[in-house]
Amino acid sequence: MHIVKFAFESVGFDIRLMRGGLASLVWNLAREFADQGHRVSVITPAHGCLEHLRAHYELEELDHVDRHTVPLVLDRAVWPGHPAELELRLTTRAHRLRHEGVDIYFLSDEYLDLLPERIYPARTSEGHDLAFFKPLVFQVSGLRFLRAHLDLGAEPAVVQAYEPYYHYLLPPVLRTDPRFLVVSTLASNMPINQQVHRPQLERLLELFDTDADLDALADPPATGRLAAAMTSQLPSTHLADRPTADGIGYYALVAANCDLLDFLTPGQLDFYSTFRDTPFERAFQDLTVARIVRESAARQFVGGCAVPDGWLARDPAGADRARLLTARGLDPALPTFYHVARFSVHHKGQVELFRAIDAVLAVDPDINFVVRCAVAAGGDGVVSPVGDPFFEEVANRHPGRVRLDWSMAGEDVLHREAVAADFCLFPSKFELDSFLIAQGQLMACGAVPIGTAQEVTTHYRHQLPREHPDATGFAVPRSFTEDDPLLAAALTDRILEAARIHREDPAEYRRLSDNSRALARRFTWRKAATTRLATFAAAAAGVLPGLTPERAAGYGWFESLADTDWVTHRREIAESALDRGDLANYRRCVPAVDRTALEQLFAAAYARADFARCAELAVLLDDPGRTALVDGRCLVEPVGDGLRIDYRLPHAESVLLVLPTGEHRLAGAEGHFTTVLRERPQGPLVLLLRLRDGRSAWDECPLETPRRVTPVGAGLERD
């Protein structure tokens, strides 16, 4: 095959051009595909770094001068003070670098050369800096180069494009071109409802003479107090964007038009299919993209990700732990905890991490912390600007215990630091990560992980109970809150527990370390590449990955099951319905529903805080106690011109009241939460619950005193 990689960041062998895991993913797969005998081309921006490339590699300038125009149609609500429409007149040139059997085509023009230091436009640049459209220019310039100038040769051409935000034009434009099979690889989990301005999208599709039914991708209007509350609150969770008046979700566009959807881990595929147990789960079910996710499920597969081969080939014995820690002003005799990531205070959980470091060292000062939050490009010895004054303040408060570095280091330094680490810290939030290559690298050196129990990183097994024979480390609850005190407290507890085990139970520490090392070394690029190559070849022959009945049942996609599945997979479907408290679908598997089953369904629905199903089941059980439990969970009493709210749910960890005027967190613990509002709100109360098992759920409670439900026994078959 000829595999054409289309990626905004791809040079994983050069630290100057790396900003995250995407570059490593693109490059390592490209090299592995080439090693297995396939032709590999990479189309990527030069990012203003041609002089660096010329100085370090044999860079060939191609006879490619493409003078073209990129139309911009601006949303006036987002871009005040700018014209409604303008044209970017560009001259795009191409250079080729042949490296380890891969042809890398660097595209360069007036926009693709912007931002040579940060590479990616800041999200905050939208609305005032046209550099924000650099990724859009890459799509147009890259598509033109791919369709008209790249020599495809005689082999079947697979276009593997990375991150939907950077390639949403490719699937609809290439859909009817028989030369291409288009694969969308999701390297991270950007909001699935993120939108592009529809007039802008329409103009770009016209530019490429492409038709797309955008009406079929639009979301229905959201109505009601609950929908309004979710719309206002969900952007703070980083799971969803606020919808615009004239926007089209680009992931829906990609999923509806590409040939394959490629995920890095099983957990990432599961997460992006349902957003199970997150604050976004309820709102996602009402979006058009949820339907398209189900419709495209047969084209979804897990290609995998890996720890770099070069890293696995390094000998840990060659690193001097004591020398490295001493050189960093730390005591080699102490347990050492290590965090390495790009500087991203909320995404990477770094605010909570430093709050935890401060709290830990206040009670147990005999612990080392090495923290690298990469701010800028460069390499070993480069002095980077301070990323966050609070982080510096914490580090300065604990001299000889905290080593904080803001620079991006080369692999030699990172490997020595990894070998020196006893534990690695990855409290990432919002499920924005996927494979987390850095965690795999550290585990491969024997570092025991302390990480968020994200669905996308379950492959690392740190979320397993520590007594499990396959456990690798320690988990903290997943988080969808900026500056989350619950996460900071959990991190503090886990670090102290880990340090205690390191000192008092060395055999247990060695078991976890050995498990971590053995597991991480199983994730190889050869395996990830072989899986993808087989899937590409099968799809080219008309055979898709398919949607298994087990997966459909596990997601609660009961409408996607065939009639025969209800017979052959009756047990799995019944278990899934029971776990959800879903009486209707449980009854399709077990027609004679007895009282015990109804009690189990009620318990499951109550555990999920699904009170609508609880109310239905309480009536069928003819159980005033359960009815009172549901109806009496939220008591509202007038207090002057305002209200006193008394919310009781035994397994709730926090309760957030979402009002049109803002958020209001209820005080309390142990399942009992209260607050007093000075003014009486309009309409029902909408609350976001965080349960002890990590699930988030929405609750809508009336302001008026609930009426008693008349118990009936219809549909109940008693023992």
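1. Tyr 251 touches Pro 164, Leu 186, Ile 192, Leu 261, Phe 263, Tyr 272, Val 289 and Val 293, leaving aside residues up to four places away in sequence, where a contact means heavy atoms within 4.5 Å. This is a predicted model, in which local features need pLDDT of at least 70 and side-chain atom pairs count only at pLDDT 80 or more, while totals for chains, interfaces and linings use all residues. Residues are numbered from 1 along each chain as its sequence is written, and side-chain values use heavy atoms, with hydrogens and water left out.

2. Tyr 251, together with Phe 280 and Tyr 647, has the most contacts inside the largest nonpolar core, which has 206 residues; such a core is a set of buried Ala, Val, Leu, Ile, Met, Phe, Trp, Tyr and Cys residues joined through side-chain atoms within 4.5 Å. Buried stands for under 20% relative accessible area, exposed for over 50% and partly exposed for in between (1.4 Å probe, protein chains only). A second, separate core of 35 residues includes Val 351, Ile 367, Val 394 and Leu 512.

3. The structure holds zero disulfides, a disulfide being a pair of cysteine sulfur atoms within 2.5 Å. For Cys 305 the closest cysteine sulfur, in Cys 424, is 16 Å away, which is too far for a bond. Cys 424 is likewise in no disulfide, and its nearest cysteine sulfur, that of Cys 445, is 9.7 Å away.

4. Ile 119, which is not a glycine, has a positive phi near 70 degrees and counts as buried at 0% relative accessibility. Glu 431, also not a glycine, has a positive phi of about 55 degrees and counts as buried at 1% relative accessibility.
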